[in-house]
Amino acid sequence: MSNGTADRVAKATPPRVARKIRGLSDRAIAWIFVAPTIFLLLAINIFPLIWTIKLSFTNYKANRIGREVKDIGLRNYERILTDGDIWLNMQATAHFLFWTIFFQVLIGFALAWLIHRNFKGNAFWTTVIVLPMMLSPAVVGNFWKFLYQPQIGLFNYIVGFFTGRDPSSFEMLGSVDLAPWSIVIVDTWMWTPFVMLICLAGLRSIPDYIYEAAAIDRASSLRQFFTITIPMVLPFLMLAVLFRGIENFKMFDLVVQLTGGGPGSVTELTSINLKREAFEKWRTGYASAYAIILFVTVFGLASIYVKALNKVKER
Amino acid sequence: MTGFIKGIIGFRRGAWEMLATIIIALGVFMLMQPFAMWAYTYSFITTLVGTVMFIVVSHFRE
């Protein structure tokens, strides 16, 4: 801040406030500025977390106000961790996580590799590729619902065109075998650009002189790719994988819009199941324990994420 | 490997963080694997131990 601005701020401060502040140390003034944020953080984040942990040890139901709340110890955790149906939901989440990350990394890296080679219209195609990421998940969900329509959907028509199958003979969202793949396709379509951008940042961070030195040593393009490009982009790729992993572990909106967890419960991811337990069955204590299990898992993954991030920074 | 073991014995942050990361990853795998129910049952405690360990060891010296 320039002296002029500082003088103007000092003059604009009401004398009563100025007199009070003059007696305070720098540390105390800093605390005064930080206190509202800390208070909000405690009220919005920390208090609900502690309250959820407390509720997870009870049989509390939010829709029965006058009912006596009993402390049931670890029974909610025990029930969740021995429930075969929730285990199936975890597996559905794992299927979704594994395949979305696999395809997003594969396609994202390939796209970044292509975009990295400067060609005519490079900026235009980058914008086109990045577009899906900018849309709202609700819009994407509705949009793909139309694309997956067996009678009028473009997706079924294209699959029919290339395979010779009748487009109305299969239903992506209604079939037990195809529905888990339908959500994988949509998430891949939406979030591959994100992975591409991270990979592109990694590719652009590699200095040209390394490739030049390798070329002087007569290293082939393939050798350069595996000994220079891949190792140097790997921390960025890892970051993208962890980031998408954490995000997809919490996936809710897109899948609810597309399949609502169905048919049956083949696409019922943990977050959808959690919402059903909390706000349809109103088993608040049980849902709190479920939320804590998911929270610890995401927190653990986030710890790895922070470590990976620090490693990238060190480079 | 020797460096890792030395780091564990000498309470070095890098090695302990690596160990905590492995435990967290193992817990997440146990939670989502389709092979054994017992692994699913013990997944939460594994992840919790890994996460708490990560928080504690991140205060160790480098």
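## An open helix in chain A

Of the 10 residues in helix α8 of chain A (residues 154-163), the number buried is 1, so this helix lies largely in the open. A residue needs 20 or more other C-beta atoms within 10 Å of its own to count as buried.

## Confidence in the model

This is a predicted model. Its scores are ipTM 0.91 and pTM 0.82.

Chain A has a mean pLDDT of 88, and 98% of its residues reach 70 or more. Which elements of chain A have the lowest and the highest mean pLDDT? Helix α2(A), residues 15-22, has the lowest, at 73. Helix α4(A), residues 75-80, has the highest, at 94.

Chain B averages a pLDDT of 88. There, 100% of the residues score at least 70. Among its elements, α1(B) has the lowest mean, 78. Helix α3(B), residues 37-41, has the highest, 94.

## Two packed helices in chain A

Two packed helices are described by the angle between their axes and the distance between the axes. Take α5(A) and helix α9(A), which spans residues 179-204. Their axes lie 6 Å apart and pack at an angle of about 40 degrees. That angle makes α5(A) oblique to α9(A). The crossing of this pair is right-handed.

What classes of residue make up the contact of α5(A) with α9(A)? It has 19 nonpolar, 7 polar and 2 charged residues.

## Chain B in outline

Chain B has 62 residues, and 29% of them are buried. It holds 4 helices and 0 strands. Along the sequence the pattern reads α-α-α-α.

The C-alpha atoms of chain B fill a box of roughly 40 × 25 × 10 Å, taken along the principal axes. Consider the contacts in chain B between residues at least 6 apart in sequence. Of these, 49% join residues at least 24 apart.

Helix α1(B) covers residues 2-9, and helix α2(B) covers residues 13-32. Their axes come within 7 Å. They cross at roughly 100 degrees. Angles of 65 to 115 degrees count as roughly perpendicular, so α1(B) is roughly perpendicular to α2(B).

Which residues meet between these two helices? From α1(B) come B:F4, B:G7 and B:I8. From α2(B) come B:G14, B:A15, B:W16, B:M18 and B:L19. By class, this contact has 6 nonpolar and 2 polar residues. It has no charged residues.

## Where the chains meet

How many residues of each chain are in contact with the other? Chain A has 17 residues in contact with 17 residues of chain B. On the side of chain A that touches chain B, α5(A) and α14(A) each supply at least two residues. Helix α5(A) runs over 84-116, and α14(A) over 284-314.

Helix α14(A) gives the most to this side, with 9 residues. By class, the side of chain A that touches chain B has 10 nonpolar residues, 6 polar and 1 charged.

Technical notes
Residues are numbered from 1 along each chain as its sequence is written. Chains are lettered from A and ligands numbered from 1 in the order in which they are written. This is a predicted model: local features need pLDDT of at least 70, side-chain atom pairs count only at pLDDT 80 or more; totals for chains, interfaces and linings use all residues. Axes are lines fitted to C-alpha atoms, for helices over the stretch in contact, and angles run from 0 to 180 degrees between N-to-C directions. Angles under 35 degrees count as roughly parallel, over 145 as roughly antiparallel, 65 to 115 as roughly perpendicular and the rest as oblique. Two residues are in contact if their C-beta atoms, placed from the backbone, lie within 7 Å. Ala, Val, Leu, Ile, Met, Phe, Trp, Tyr, Cys and Pro count as nonpolar, Asp, Glu, Lys and Arg as charged, and the others, Gly among them, as polar. pLDDT is the predictor's confidence in each residue, from 0 to 100. A residue is buried if 20 or more other C-beta atoms lie within 10 Å of its own, exposed if 12 or fewer, and partly exposed in between; C-beta atoms are placed from the backbone. A crossing is left-handed if the near helix is turned anticlockwise from the far one by less than a right angle, and right-handed if clockwise.
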